[in-house]
Amino acid sequence: FGNRSHYAPPSLGENDIEYGDFSTPLTEMEQRMQDSEHLLRETQALCADSEQIGASTLETMGRQREQIERSSNLIQQSLENTEQARRIMKEMASRALRNKLVLYCMIALLLIANAMAIHHLWTKK
């Protein structure tokens, strides 16, 4: 589109007669019309291709959006599962510590009871 001089109406040359023979300018005009029609058809074809590419792109983007949403839901579910596992692990660690303390107390009580029983047996003799 930079040089539009070939789209300008034909000017009369030296050999053209102003009111006489119109066959040469008419042929040039027909050629320009055919060129214009050809350019118009190419433009329409490009528009149709662009529209098809745009529709395909929108469809692809729609599928990708669904994938991203599914991934986001899976990530959210994974985070919830991880949080639940963390709470369970804390609870298990707390129970294990409590059980250890109870066992240490029982061992201490049994040692004290054994010591008292041994002391009582030796003091009786």
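These are my notebook entries on a predicted model of one protein chain.

**Entry 1: ground rules.** I number residues from 1 along each chain as its sequence is written. Because the model is predicted, I take local features only at pLDDT of at least 70 and side-chain atom pairs only at pLDDT 80 or more, while totals for chains, interfaces and linings use all residues, and side-chain values use heavy atoms, with hydrogens and water left out.

**Entry 2: confidence.** I looked up pLDDT, the predictor's confidence in each residue, from 0 to 100. The mean pLDDT of the protein chain is 86, and 79% of its residues reach 70 or more. Over residues 1-9 pLDDT stays under 50, and the model has four contacts there beyond four places in sequence; a contact means heavy atoms within 4.5 Å. Residues 14-19 also have pLDDT under 50, with two such contacts. Where pLDDT is low, the predicted coordinates should not be read in detail.

**Entry 3: the fold.** How many helices and strands does the protein chain have? I find one helix and zero strands. Helices (H or I, at least four residues) and strands (E, at least two) are DSSP runs, numbered from the N terminus. Helix α1 covers residues 23-124.

**Entry 4: surface.** Accessible areas come from the Shrake-Rupley method with a 1.4 Å probe, and for residues only the protein chains shown count as cover. I noted about 11,900 Å² for the accessible surface of the protein chain, of which 62% belongs to carbon and sulfur atoms. Buried residues make up 1% of the 125 residues. Here buried means under 20% relative accessible area, exposed over 50%, and partly exposed in between (1.4 Å probe, protein chains only).

**Entry 5: salt bridges.** I counted a salt bridge where a side-chain nitrogen of Lys or Arg is within 4 Å of a carboxyl oxygen of Asp or Glu. Side chains of opposite charge can pair when their charged atoms come close. The search of the whole structure finds six salt bridges, and I looked at some of them.

- Arg-63 and Glu-59 meet at 3.0 Å, N to O. Why are they about one helical turn apart? Because they are four residues apart in helix α1. Arg-63 is partly exposed at 43% relative accessibility, and Glu-59 is exposed at 52%.
- Glu-69 and Arg-65 meet at 3.1 Å, N to O. These two are four residues apart in helix α1, so about one helical turn separates them. Glu-69 is partly exposed at 40%, while Arg-65 is exposed at 57%.
- Arg-86 and Glu-83 meet at 2.3 Å, N to O. Both lie in helix α1, three residues apart, about one turn of the helix. Arg-86 is partly exposed at 40%, and Glu-83 is partly exposed at 31%.

Which residues are linked with Glu-83 in a network of salt bridges? I found Arg-86 and Arg-87.

**Entry 6: a nonpolar patch.** Patches are made of residues with over 30% relative accessible area and no salt bridge; like charges are joined within 9 Å, nonpolar side chains (Val, Leu, Ile, Met, Phe, Trp, Tyr) within 5 Å. Leu-97, Leu-101, Tyr-104, Ile-107 and Leu-111 form a nonpolar patch on the surface, with about 550 Å² of accessible area together. I checked Leu-97, which lies in helix α1. Leu-97 counts as exposed at 51% relative accessibility.
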